[in-house]
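Subject: Model handover and notes

Dear colleague,

Please find the model below. My notes on what was found in it follow.

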Amino acid sequence: QVQLVESGGGLVQAGGSLRLSCAAPESIISINTMGWYRQAPGQQRELVAGITSGGITNYADSVKGRFTISRDNAKNTAYLEMNSLQPEDTGVYYCKIIARHRDYGYQAQYWGQGTQVTVSS
């Protein structure tokens, strides 16, 4: 059974900060890309930030300069540091990785359970 464990969501006032984490189990090896997505009420799920195996990052225009994605390969963990949060950042944040499982020779996509981020005005 493969599950990415997310944590760090919560309620924060506009201008505040949160840090999300996403941990993959040891059965996941050779992680390629890691990313954070969010889904606001009534909206499609969108990519917020991504990071490659080489540490190259990319961000949605709406969060550029405010959010920082990082990864700790030794811990099989990704992070999303969110600063200067705005009400428009409200939504459920999902972690996704593309990686190999120890039992399979191909890469596959795995998702976290989602964590709620609510920013009040």
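Through how many residues does a hairpin join strand 9 to strand 10? The hairpin runs through five residues. Strands here, like helices, are DSSP runs numbered from the N terminus (E, at least two residues, for a strand; H or I, at least four, for a helix).

Before the rest, the ground rules. This is a predicted model, in which local features need pLDDT of at least 70 and side-chain atom pairs count only at pLDDT 80 or more, while totals for chains, interfaces and linings use all residues. Residues are numbered from 1 along each chain as its sequence is written, and side-chain values use heavy atoms, with hydrogens and water left out.

Strand 9 covers residues 91–101, and eight of its 11 residues are buried, so the strand is largely enclosed by the rest of the structure. Buried means under 20% relative accessible area, exposed means over 50%, and partly exposed is in between (1.4 Å probe, protein chains only).

Strand 9 pairs with several other strands; two strands count as paired if DSSP finds at least two bridges between them. With strand 4 the pairing is antiparallel and spans nine bridges; Gln39, for example, has Val92 of strand 9 as its bridge partner. With strand 10 the pairing is also antiparallel, over five bridges, and here Arg100 stands opposite Gln107 of strand 10. Strand 11 (residues 115–120) runs antiparallel to strand 9 and is joined to it by three bridges, with Thr115 in strand 11 as the bridge partner of Tyr93.

The disulfide

There is one disulfide in the structure, a disulfide being a pair of cysteine sulfur atoms within 2.5 Å. Cys22 and Cys95 form it, at 2.1 Å from S to S. The torsion about their S-S bond is about -80°, so the disulfide is left-handed. It ties together distant parts of the chain, since Cys22 belongs to strand 3 (residues 18–23) and Cys95 to strand 9, 73 residues apart. Both ends are buried: Cys22 has a relative accessibility of 1%, and Cys95 has a relative accessible area of 0%.

Aromatic rings

A pair of aromatic rings is described by the distance of the centres and the angle of the planes. Rings of Phe, Tyr and Trp (its six-membered ring) pair if their centres lie within 6.5 Å; planes under 30 degrees apart count as stacked, over 60 as edge-to-face and the rest as tilted. By this rule there are three aromatic pairs. One of them is Tyr37 with Trp111, tilted, with 5.1 Å between centres and 55° between planes. This pair also links distant parts of the chain: Tyr37 is in strand 4 (residues 28–39) and Trp111 in strand 10 (residues 107–111), 74 residues apart. Tyr37 is buried at 17% relative accessibility, whereas Trp111 is partly exposed at 29%. Tyr104 and Tyr106 make another tilted pair, with ring centres 5.5 Å apart and planes at 40°. Tyr104 is partly exposed, its relative accessible area being 39%.

Ring pairs join Tyr37, Tyr94 and Trp111 into a cluster. Arg45 lies over the face of Tyr94, 3.7 Å from the ring centre. The charged end of Arg45 also sits over the ring of Trp111, at 4.9 Å from its centre. A charge is taken to sit over a ring if NZ of Lys or CZ of Arg is within 6 Å of the ring centre and within 35 degrees of the ring normal.

Regards
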